[in-house]
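Please take a moment with the sequence and the model that follow.

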Amino acid sequence: MGTDKQIWKPDVLGPGFEMTYVQQPDDYSGKVRCTVVRRCADAPSNRAILYVHGFSDYFFHKEMAEMFAGNGYNFYAVDLRKYGRSLLPGQRMFQVRDIYEYFADIDAAIDIIGSDGNSEAVLLGHSTGGLTTSLYMTEAPSPMIKALMLNSPFLAWNMPPLIRDVAIPAVGMLGRFMPNVHVHQKADRGYAESLSQEYGGEWSYRKDWKPDVMPDPDMGWVRAIDRAQKELRKRKIGVPVLLMHSAASVRKGDGPEKYRGADAILDVKSISKYGRLLGPDVTEVNFEGGLHDLALSRKDVRAKMYEVMLGWLREERV
């Protein structure tokens, strides 16, 4: 668990960013660690944001961190176990058997946030991180966490009904006994090509930590996601929730231009449907031209997202 004795080192994002490893108990694949990254506010503050990334991803959102730091928030992000900075030699990327495994990593980050002198924190989860943080907030979260912000949370499968309702549960059942068997999916570079500088996009990131083509998940991962989504629908989140997503999703047959202004990963109608049921206090905002990761959308969309988040935080007095 994180403590004030953590050893901080310069982070790959450059000046102002530090990182520290947190060693976690061994699991079914051996040694495990998570990584906490921080960017302190430009002026003394006791408020913090904790960002949790999605699948096939890691934290590299320097602009967003600096935006929060410039507006009075100490910014933290966690690279979950087997992701990004936390990967260990020989480890299978993104391997998980139960979403609850990630709770220890979030707890470790919250411990660090508290030991740094913060008294209030807001969780910000993207995609699978949005699913994880939502489920986390239905358990017994630290009273330090005052609100939850969601960036295109993975609350439902973006699949045809037959696959979603029959094939996914069947794979999940098999995943209990054969968790390491991979589930093949069709390669699609469309989303990556809307992001990466290599293809004319705006962003530079490590391809070994965020591959252009999402890797085939295994049955254990499918089971973990399916169980988490179904469990979340039985519960309610007790803190205010800001639900954010694109105004549109990419559909089969759409051209390359659609990938640069819509969600190429999830179905925004499903995000809205299940997101509005997360708790008694949900504020929903959709963004025209937004990508799956709204924080990587074009500059005007990002600016609007930042405006919405800061305004909502002010309204919630966090």
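## A walk through the model

Asp11 counts as buried, because its relative accessibility is 8%, where buried means under 20% relative accessible area, exposed over 50% and partly exposed in between, with a 1.4 Å probe and protein chains only. This is a predicted model, in which local features need pLDDT of at least 70 and side-chain atom pairs count only at pLDDT 80 or more, while totals for chains, interfaces and linings use all residues. Residues are numbered from 1 along each chain as its sequence is written, and side-chain values use heavy atoms, with hydrogens and water left out.

The partner of Asp11 is Arg85, and their side chains meet in a salt bridge of 2.8 Å from N to O, a term that asks for a side-chain nitrogen of Lys or Arg within 4 Å of a carboxyl oxygen of Asp or Glu. Arg85, at 4% relative accessibility, also counts as buried. The pair links distant parts of the chain, 74 residues apart, since Asp11 lies in the loop between β1 (9-10) and β2 (17-27) and Arg85 in the loop between β5 (74-79) and α2; helices (H or I, at least four residues) and strands (E, at least two) are DSSP runs, numbered from the N terminus.

A search of the whole structure finds 27 salt bridges, and among them is one between Lys31 and Asp26, with the closest N and O atoms 3.8 Å apart. Here Lys31 is exposed, with a relative accessible area of 57%, whereas Asp26, at 48%, counts as partly exposed. Elsewhere, Glu139, Glu231, Lys234 and Arg235 are linked in a network of salt bridges.

The aromatic rings come next. The structure holds 16 aromatic pairs, where rings of Phe, Tyr and Trp (its six-membered ring) pair if their centres lie within 6.5 Å, and planes under 30 degrees apart count as stacked, over 60 as edge-to-face and the rest as tilted. The rings of Tyr58 and Trp209 have centres 5.0 Å apart and planes at 80 degrees, so this pair is edge-to-face. Because Tyr58 lies in the loop between β4 and α1 (62-70) and Trp209 in the loop between α5 and α6 (219-232), the pair ties together parts that are 151 residues apart in sequence. Tyr58 is buried at 4% relative accessible area, and Trp209 counts as buried at 11%.

Phe103 and Tyr136 form another edge-to-face pair, at 5.2 Å centre to centre and 85 degrees between the planes. Phe103 belongs to helix α2 (residues 103-115) and Tyr136 to helix α3 (residues 128-136), 33 residues apart. Tyr136, at 4% relative accessibility, counts as buried, and in α3 as a whole 9 of its 9 residues are buried. These buried residues pack against β4, α2, β6 (120-126), β7 (145-151) and α6.

How does the surface compare with these covered parts? A nonpolar surface patch of about 380 Å² is made by Leu174, Phe177, Met178 and Val181. Patches are made of residues with over 30% relative accessible area and no salt bridge, like charges being joined within 9 Å and nonpolar side chains (Val, Leu, Ile, Met, Phe, Trp, Tyr) within 5 Å; accessible areas come from the Shrake-Rupley method with a 1.4 Å probe, and for residues only the protein chains shown count as cover.

Definitions and conventions. Contact means heavy atoms within 4.5 Å.
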